[in-house]
Every structure is written in C-alpha cells, then in structure tokens.
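Subject: Structure handover

Hello,

Here is the structure I said I would pass on. My notes on it follow below.

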Amino acid sequence: MDDKKLLILNKAEEIIECCSKNGVNARLMGGTAIYIKCPSAEKDPFKREINDIDIVIYHNEGRKLKNAISESGFMPDKQFNSIHGETRMLFKNGDIDLDVFVGKFIQCHELNLEENMKSETDTIPLSDLLLTKLQVVQINLKDIKDILLMLTDHEFSEKQESGFIDINRILKVVGRDWGWHTTISDNLQKIKSMLPDIFKDDEKGKDDVSIKIDELKKRMAEEKKTLQWKLRSKIGRKVKWYELPEEK
C-alpha cells in the first residue's frame with residue numbers, strides 16, 4: 001500500500017472516531033469504503049486509487065459535525081457550505097478533500113442513506129454502496145470496476161448483514177422508482193457486455209459475476225412495482241428520468 005493511500009485511510013478512521021466522540025453518526029462511503037470492504041481492491045484488474053474521503057451523516061447533525069471535523073484538521077469550504085449545507089458540505093486538509101453528504105446521496109438519482117446507516121459501524125452497507133455506483137448515468141470504467149469489485153468480493157443476501165449485499169434493499173429502491181430501475185438496468189446491460197474485456201483470462205471470475213448480474217436483473221423484473229412506478233413507465237424515455245451532477 002502506498003503512502004498516500006495509507007494516509008487517507010488513517011484520516012478516514014480518525015474522522016469516524018472524532019465524529020463518534022462528538023455524538024455524530026458518520027459512515028464512510030465512496031472509494032474509501034469500497035477499499036475497506038473489498039480485499040480485491042488491492043489486486044488487478046480492480047486495483048484502485050483513493051484520492052479523497054466521503055462520509056454521510058444524519059440530516060440533523062451538521063452543527064456537531066463541524067466540531068468533530070475541526071479536531072481532524074479539516075477546514076470548511078465556507079462558500080460551498082453556506083449554499084449547499086443542508087444536503088452537502090466540503091472540507092479540506094492539505095491535499096485531502098472531505099465530501100460530506102447530509103442524510104441523502106443526491107447525484108443522478110436520490111438515495112436516502114439514513115434508512116440503513118446504523119446497520120454498519122464504519123461504512124454504509126454494501127447494498128447502498130453498490131447503489132451509489134449503479135445510479136451513475138454517464139458511467140465510466142472506474143465506476144464499472146467498482147461495481148464488479150463489490151460483486152466479486154461479496155454475495156447477495158435476503159437481508160441486511162455485514163459482508164453481504166442486501167438484494168432486497170436494491171429491489172425496494174427500483175420497485176418504487178422507474179428512473180432508478182431504468183438507469184440500473186441500462187448499466188447492468190453495459191457492464192455485462194464488458195466482462196470479457198475486464199476479466200480476460202479469469203473465466204471463473206467472469207462467470208461468477210455474470211450469474212450475479214443475471215440474478216439481479218431477474219429479481220428486478222419480478223419485483224412488484226408501485227403505482228407511481230407504473231405511471232412513470234408510461235411516459236418512458238420521452239422525459240429525462242435523471243439529473244447530471246454538473247447540471248445542478
């Protein structure tokens with residue numbers, strides 16, 4: 001492990017400890033959480049860098065967070081935080097950026113992270129971590145490798161339990177929101193088409209992940225849909241079902 005990676009991981013651990021000491025329920029997400037949860041993040045073809053720290057807190061803990069963060073040496077981006085502080089905050093310590101999501105993850109789609117935060121002690125659950133990657137409309141190779149990394153290292157489960165991906169959490173999200181369902185379906189199709197290029201000589205690894213993708217697609221198709229989902233599906237792709245972060 002290189003020095004920068006180790007420094008960021010140590011800082012991430014320090015932030016979670018400082019938050020806990022100050023009564024803030026914080027959980028890691030993003031690349032740091034993926035690195036912690038997935039041993040294969042140190043191996044090819046999934047070896048990845050860590051360039052910043054992402055956390056989520058409860059929506060009513062913003063003020064307490066500032067004290068916790070200052071103890072870790074992070075300084076606020078006052079202009080950004082004054083404008084967006086109800087949903088997101090930025091801090092910086094040297095060349096390490098800290099991105100704080102407040103209650104929700106709002107990018108191409110919106111995901112309520114508070115619902116499952118307490119089921120893990122250091123990171124958000126694997127199901128939510130996977131959803132934050134599957135929701136990317138303009139998905140790139142880095143996102144795809146992160147998704148495949150999680151599917152390689154972890155099995156699906158029918159309930160939330162540490163070390164497993166709660167498939168029912170994903171089904172709940174896609175069953176009530178046509179937009180989520182559409183984006184994830186598109187991404188799964190794209191990811192599956194790229195498996196031969198990414199896994200290359202690892203036929204078993206490719207087959208194992210392919211089976212999981214097929215299982216998720218099948219379960220998504222079978223999942224009971226809400227009335228809102230059905231009404232939105234009638235409009236279909238004529239109206240945009242996502243937002244691009246740079247448009248916000």
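At roughly what angle do the axes of helix 8 and helix 9 cross? Please keep in mind that the model is predicted. The answer is roughly 165°, and the axes of helix 8 (residues 178-199) and helix 9 (residues 203-222) come within 10 Å. Angles over 145 degrees count as roughly antiparallel, so helix 8 is roughly antiparallel to helix 9. The crossing of these two helices is left-handed.

On the helix 8 side, the residues in contact include Ile184, Leu188, Ile191 and Leu195. On the helix 9 side, Val209, Ile213, Leu216 and Met220 are among them. Sorted by class, the contact has 11 nonpolar, 4 polar and 4 charged residues.

A pair of aromatic rings is described by the distance of the centres and the angle of the planes. The whole structure holds 4 aromatic pairs. In one of them, the ring centres of Phe46 and Phe199 are 5.8 Å apart and the planes stand at 75°, so the pair is edge-to-face. Phe46 sits in the loop between helix 2 (30-37) and strand 2 (52-57), 153 residues from Phe199, so this pair links distant parts of the chain. Phe46 and Phe199 are both buried.

Trp241 and Tyr242 make another edge-to-face pair, because their planes are at 80°, with ring centres 5.1 Å apart. Trp241 has 18% relative accessibility and therefore counts as buried. Together with Trp178, Trp241 and Tyr242 form one aromatic cluster.

Regards

Methods:
Residues numbered from 1 in each chain as written. Predicted model: local features only at pLDDT ≥ 70, side-chain atom pairs only at ≥ 80, totals over all residues. Heavy atoms only, no water. Axes fitted to C-alpha atoms, helices over the stretch in contact; angles between N-to-C directions. Helix = DSSP H or I, 4+ residues; strand = E, 2+ residues; numbered from the N terminus. Parallel < 35°, antiparallel > 145°, perpendicular 65-115°, else oblique. Left-handed = near helix turned anticlockwise from the far one by under 90°. Contact = heavy atoms within 4.5 Å. Nonpolar A, V, L, I, M, F, W, Y, C, P; charged D, E, K, R; others polar. Phe/Tyr/Trp six-rings, centres within 6.5 Å; stacked < 30°, edge-to-face > 60°. Buried < 20%, exposed > 50% of the residue type's maximum accessible area, 1.4 Å probe, protein only.
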